[in-house]
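Open the model in your viewer and keep the selection tool at hand.

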Amino acid sequence: MTTKERTFADLAKLPCVLLKTLGYDFLDQPRPRWLRMLLTLYFVLCLMCCSYFTYFALDFAVAELAVGAKDLPLLLRLIDDIVHNVVGILKSYFFIRNSRSIKKLYKKFGDIFPISMEDRLAYRVDEYYWPKWITTILYMQLCALTIILFVPFAESIFEYVGALISLGYGNAKFGYYRMYEETSYGFGHHNFLGYVVSYSLDVMNALYSAIWMICTDIWLVAFALQLCMHFDYISRTLENYEPHKERSQDDEKVLAGLVRKHQTILELADELKINFSALILVMLFSTISMLFGAAELVLTQGITTHVIGYLAYVPTSVGQFFMVCYYGQLIINKSLRVSEAAYSQTWYNGSQSYKKSILTIMRRAQRHSEINAGGFQTTNLMAFESVMRMTYQLFAIWSTIMESK
């Protein structure tokens, strides 16, 4: 059996690359001062674009409500964009606020990552690297984001080429379509320079919210993979170990090492829960609002270009929420498995001291590790089912109210 020489840095490379598209270097790699300043300026500009659009869309939505919501499809789209941006801004706020403790968590996981090839085989490192279904979800999200970002530009190009063929160069006009036609940056965009600048600002706005919506959950799953790997190693080692009274000192030494390791992993699991609790809560509400908004957009606007771009994002967003719930469930299962493994081994052949140590690790493992949303809902497969059911019920109630009107 062979394994690649992967490190924890390899596992973290994926979320780090995503953040670098916004100019944010999570690991603070050495760079020339001018480049760091340039990346910081780009990051601030992306944040400003996202914040400005959120304010503009909110002001536009309030004005629309003030006149009786005459254009309901527009109002729903504005609300959807506001929620999407607010979620991205909130996720970036909580992540950056906790960045120091998350970096410490990163270092602690890196310190206990198996180094030698023998240890990597024992820990089954390859089984706890990025699985294909997660990378597939991520690539689908990035493809959906690309569709949302560049469909208006492609539509302008195709329409202009068609006009050139049918009407000729003198009568053909470029459409200058944008993602957010209602947004004004204080200058017209129906010219080349204005269009390039305004479209670039639109892209930075959408990129900031989308990357932060994806990246924080990818970081969470990266840490969850490591937790599961260590819990699995401890449980397999416990289950396969056979103590004997004749070598009680060696047995107690082996078990003491596993007890210390188990305690370390439990502490890391608690740190993970604390650092990502608020981020999971934001993701919970964003998933509900996204599903509800998608259904409402289809009912009110039908299948339009904007709706198609939005619907392309729905399956991957649901998949992202399922991904977090799945690994939340796996953390619970793997942490409880340690207690089962301790009981399943031939502990009765060990010394009295060994039996007491086994009892200690069993007691600790009976309290499962978990991640949760804001401290009030455990994130697991049952939570995923509850969110899907609750979203459907909310939409059914809303549809009934709208039909009655």
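Helices here are DSSP runs of H or I with at least four residues, numbered from the N terminus. By that numbering, select the loop between α5 (117-123) and α6. R124 is found there. Keep in mind that this is a predicted model.

Check the backbone of R124. Its phi is near 55 degrees, a positive value in a residue other than glycine. Is R124 buried or exposed, or something in between? The relative accessibility of R124 is 32%, so R124 counts as partly exposed.

Now jump to the loop between α6 and α7, where Y176 sits. Y176 is not a glycine either, yet its phi is positive, at about 55 degrees.

**Whole chain**

Zoom out. The protein holds 12 helices and 2 strands. Reading from the N terminus, the order is α-α-α-α-α-α-α-α-α-α-α-β-β-α. Along the principal axes, the C-alpha trace spans about 95 × 60 × 35 Å. Color by accessibility: buried residues make up 47% of the 405 residues.

**Helix α7**

Select residues 192-240. This is helix α7, with 49 residues. How far does α7 reach from its first C-alpha to its last? It reaches 69 Å, close to the 72 Å expected at 1.5 Å a residue. Show its surface next: α7 is mostly covered, with 41 of its 49 residues buried. Stop at the start of α7. There a side-chain oxygen of N191 comes to within 3.4 Å of the backbone nitrogen of L193.

**Helices α6 and α10**

Select residues 132-167 for α6 and 314-344 for α10. Their axes come within 9 Å and cross at roughly 150 degrees. Angles over 145 degrees count as roughly antiparallel, and α6 and α10 are therefore roughly antiparallel to each other. The crossing is left-handed.

Show side chains where the two helices meet. On the α6 side, pick W133, I134, I137, M140 and Q141. On the α10 side, pick T316, S317, G319, Q320, F322, M323, Y326 and Y327.

**Last stop: D80**

Select helix α3 (residues 72-97) and find D80 in it. Why does D80 count as buried? Its relative accessibility is 11%, and buried means under 20%. Finally, draw a C-alpha to C-alpha distance from D80 to L272. The two are 30 Å apart in space and 192 residues apart in sequence.

Terms used. Residues numbered from 1 in each chain as written. Predicted model: local features only at pLDDT ≥ 70, side-chain atom pairs only at ≥ 80, totals over all residues. Heavy atoms only, no water. Expected span 1.5 Å × (residues − 1). Buried < 20%, exposed > 50% of the residue type's maximum accessible area, 1.4 Å probe, protein only. Polar contact = N/O pair within 3.5 Å; in protein donor to acceptor, adjacent residues only side chain to side chain. Axes fitted to C-alpha atoms, helices over the stretch in contact; angles between N-to-C directions. Parallel < 35°, antiparallel > 145°, perpendicular 65-115°, else oblique. Left-handed = near helix turned anticlockwise from the far one by under 90°. Contact = heavy atoms within 4.5 Å.
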